[in-house]
Amino acid sequence: MVDAVLEIAKMLLTAYFSYARLNGATDEEIERIYSQVKASFKTNTPDQLEDIE
Amino acid sequence: MRFKRNHFQAVLVLVLAFMLASCAAQKGGKSLSEMSDKEKSVIMMDIYNQQFTDYMTKTGYTKIGDKWEKTGEIIDFTEDQKDIMRKKKEILTNVYPLITLYDSYVANNRQIDLATEQQIFALLDELVKLVD
């Protein structure tokens, strides 16, 4: 139960920080954030997720 | 004692999340529907990256440079936690190609497919509900 609450809170915080750093950002800043996040996304392919036995 | 500390952490994080959300509301920031497609793409990829990192870390991987490497052991999950992890993997696997497709529309300045956008947010929402 506690793990579940922490998981939800983590998700909320991630969404908030994503939202907060975009809000009020200039087009140039948005472009920079977009490039950073996309570069990371490209390396995080789901085929690397290990099966849970 | 450990149980109480975990409860304290959970309450602390929730209070923090609530305070931050309240600050955002008072600032009068843009709602999700007012955001550009590029901004939405950032949010989608950011949530995916966070969940992906969480999964990889719990299964003993560390990101070194641009690559994930096995540096530890998988943590000792309960059966319930294993079910959550399997479901999480399934959702991450399903949502990745959809976010990639959505982002290709953004990158090429093409008209966004609203059905795809809704499907992505539904899957990301499912990631949250899955731990309820």
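Begin with chain A, where 23% of the 53 residues count as buried, a residue being buried if 20 or more other C-beta atoms, placed from the backbone, lie within 10 Å of its own. This is a predicted model, in which local features need pLDDT of at least 70 and side-chain atom pairs count only at pLDDT 80 or more, whereas totals for chains, interfaces and linings use all residues. Residues are numbered from 1 along each chain as its sequence is written, and chains are lettered from A in the order in which they are written.

Colour by secondary structure, with helices (H or I, at least four residues) and strands (E, at least two) taken as DSSP runs and numbered from the N terminus. Chain A shows 2 helices and 0 strands, while chain B has 4 helices and 2 strands, arranged along the sequence as α-α-β-β-α-α. In chain B, buried residues make up 19% of its 132 residues.

Next, select α2(B) and α3(B), whose axes, fitted to C-alpha atoms over the stretch in contact, come within 10 Å and cross at roughly 155° on a scale from 0 to 180 degrees between N-to-C directions. The two helices are therefore roughly antiparallel (an angle over 145 degrees). Residues that make this contact (C-beta atoms, placed from the backbone, within 7 Å) include B:M44, B:Y48 and B:F52 of α2(B), and B:L92, B:Y96 and B:I99 of α3(B).

Of its 18 residues, B:V42, B:M44, B:M45, B:Y48, B:Y55, B:L92 and B:V95 touch the most other members. At least two residues each are supplied by α2 (27-43) of chain A and by α2 (37-58) and α3 (79-107) of chain B, and α2(B) gives the most, with 8 residues.

Centre the view on B:Y55, which, leaving aside its neighbours within four places in sequence, is in contact with A:L49 as well as with B:M85, B:K88, B:K89 and B:L92.

Finally, move to the strands of chain B, β1 (residues 61-64) and β2 (residues 67-70), which run antiparallel and are joined by 4 bridges, strands being paired if DSSP finds at least two bridges between them. Across this pairing B:K63 stands opposite B:W68, and in the hairpin, with 2 residues between the strands, B:G65 takes a positive phi near 65°.

Note on methods:
Buried ≥ 20, exposed ≤ 12 C-beta atoms within 10 Å, placed from the backbone. Core = buried A, V, L, I, M, F, W, Y, C linked by C-beta atoms within 7 Å. Contact = placed C-beta atoms within 7 Å. Parallel < 35°, antiparallel > 145°, perpendicular 65-115°, else oblique.
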